[in-house]
Amino acid sequence: MANDWIKESVVYQIYPLSFNDSNDDGIGDINGIKEKLPYLKNLGIDVIWLSPVYQSPMDDNGYDISNYYEINPMFGTKEDLIDLIKETHNQGMKLIMDLVLNHTSDEHVWFKEAKKSKDNPYRDYYIWSDTPNDITSVFSGSAWTKDILTGQYYFHLFSKKQPDLNWQNSALRHEIYQMINDWLDLGIDGFRLDVIDLIGKDVFNKKLSDGPYLETFLKEMHEACFKGRDILTVGEMPGLSLERAAYLTKEEDHLLSMVFQFDHISLDEQPGKGKWELKPLDLLDLKRVFKRQQEVYEKQGWGSLFWSNHDQPRAVSRYGSVNQRVLSSTMLHTLLFFQRGTPYIYQGEELGMTGYRFKLEEFKDIESINYYKEALALGINEADILKSLHQKSRDNSRTPMQWDDTKNAGFSNGTPWIKVNPNYKEINAANEQQDKNGVYHYIKKLLQLRKEKNVVKEGHFTPLDETSSQIFSYQRKTSNETLVVICNFTNEALTYDLSTYQSYELLLTNQPITNDHCLSPYQAIVYYKENNHGNH
Ligand code: TEU
Ligand code: CA
């Protein structure tokens, strides 16, 4: 369960490769982040989540760590990072790091040792078998690869260069706990834990997510590392049910502050067919999922509120409209951030940055490139593959941050490692900060209001207009305050009786209200009132 500062915090995710390049090698880095701390403070951010900057051959952009203690020179030095932690604290913000514990890089010394022979002391740090089963990798193909030297297969749920760790090995676990404590002792404020729902897996009985040993290991890790520390821990748990998410974050044992649960993320996918088989989002599905999340977390645990991250397409392109970028982006964040939970902003969302239609040769993401090869081999025509990639490729959210309209969007004076979205001339932080009616100032105000109104943190959630597949609306209520959020999820004007709320204060809206019987396209309205106990 989360301490109060966590319940009141807003987290900003930085994908270091694409945030800000301070030495013009075309790659974002730690000193580049330090330069932008005032920008984040100004936006109203409390916590920075830093995606991995550890030593890595970057097969999966850093989620393949070859040394947990060292910083990848492409991002800078350990001193740079310690300085960033200090400077972040000086500016009244906190910093959490990304912890990838389900697997390491195959260039980690543990795996290099493990491969040497079947009786190498590190062999059992990984998962080996003579007879691989049919589990497939998230990045296409089998999850097993044969090691030529020893003739056995090793298990890797992600790329071949990301062998899974065998968490049932207690020596391994304690080496990891030592590493975690060493980073916490350096003064960071917590962790985002990568696919942590997988560490309790039983591969041979094909029980991967939320496996038989998950709770045991989370309890042990909490005991060994997190207990008694005032830190934020958020577990990424793609395969975990909502009920389990609430249970693992419940007050009593506080194993994690919160988790990333993904029920709302796969609603534009054909059920059971994976992320590349698309279907239009039905707002009723989204309303059903958010209603359940609010109801479950009201009883137990604490949740996270996010539309996007470095694995998901950008929200305005996926759920909104690029042509109505400002209105749809502000509507989406109003709908999400007045719910109960800790908000997460992925870099560029505060500017309404959009996805980008990469040419085939421009893709960088291993998941996208592997999918292309696999789909082609399955005879899917290139146009359909490209359509899926344009919609769902992770590269959509990995284009460089758009700071201004100068060369490379002010991200770098070198050659960026990935394509800069050409719409940076219009969409950039400099323009947004000038535009009082833009996304940046709207989100800044929204975050401010969110902090001022206790009802956002504690209020009971009641869905409104439940049968509407065009309007997402709800009420939050405590004994003292009532807040009503009304969002038109479509780009059409809709008839809607707003006169009900005449006695309320208009707290926030993303465009003028034309009359009290109409919602304009993508209109978002927040009404508020204090409940006067006197004259009920
Ligand atoms: O992501 C896990 C995960 O859920 C993703 O694989 C996701 O489902 C998929 O990519 C969506 O397309 C975490 C990290 O966030 C991701 O960047 C890493 O690639 C992955 O783990 C392996 O570390
Ligand atoms: Ca750089």
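The legends below describe close-up views of a predicted model.

Local features require pLDDT of at least 70 and side-chain atom pairs pLDDT 80 or more, whereas totals for chains, interfaces and linings use all residues. Residues are numbered from 1 along each chain as its sequence is written, and side-chain values use heavy atoms, without hydrogens and water.

**View 1. The calcium ion (ligand 2) and its protein donors.** D21 (OD), N23 (OD1), D25 (OD), I27 (O) and D29 (OD) lie 2.2 to 2.3 Å from the ion; donors are N, O and S atoms within 2.8 Å of the metal (3.2 Å for Na, K and Ca), and sites may look incomplete because water is not among the atoms. The donor residues follow the spacing D-x1-N-x1-D-x1-I-x1-D. D29 is buried, at 3% relative accessibility, while N23 is partly exposed, at 46% (buried: under 20% relative accessible area; exposed: over 50%; partly exposed: in between; 1.4 Å probe, protein chains only).

**View 2. The aromatic pair of Y356 and F358.** The structure holds 34 aromatic pairs, defined for rings of Phe, Tyr and Trp (its six-membered ring) with centres within 6.5 Å; planes under 30 degrees apart are stacked, over 60 edge-to-face and the rest tilted.

**View 3. Charges over tryptophan rings.** The charged end of R123 sits over the ring of W128, 3.6 Å from its centre. K275 lies over the face of W276, 4.7 Å from the ring centre. The criterion is NZ of Lys or CZ of Arg within 6 Å of the ring centre and within 35 degrees of the ring normal.

Conventions
Chains lettered and ligands numbered in written order.
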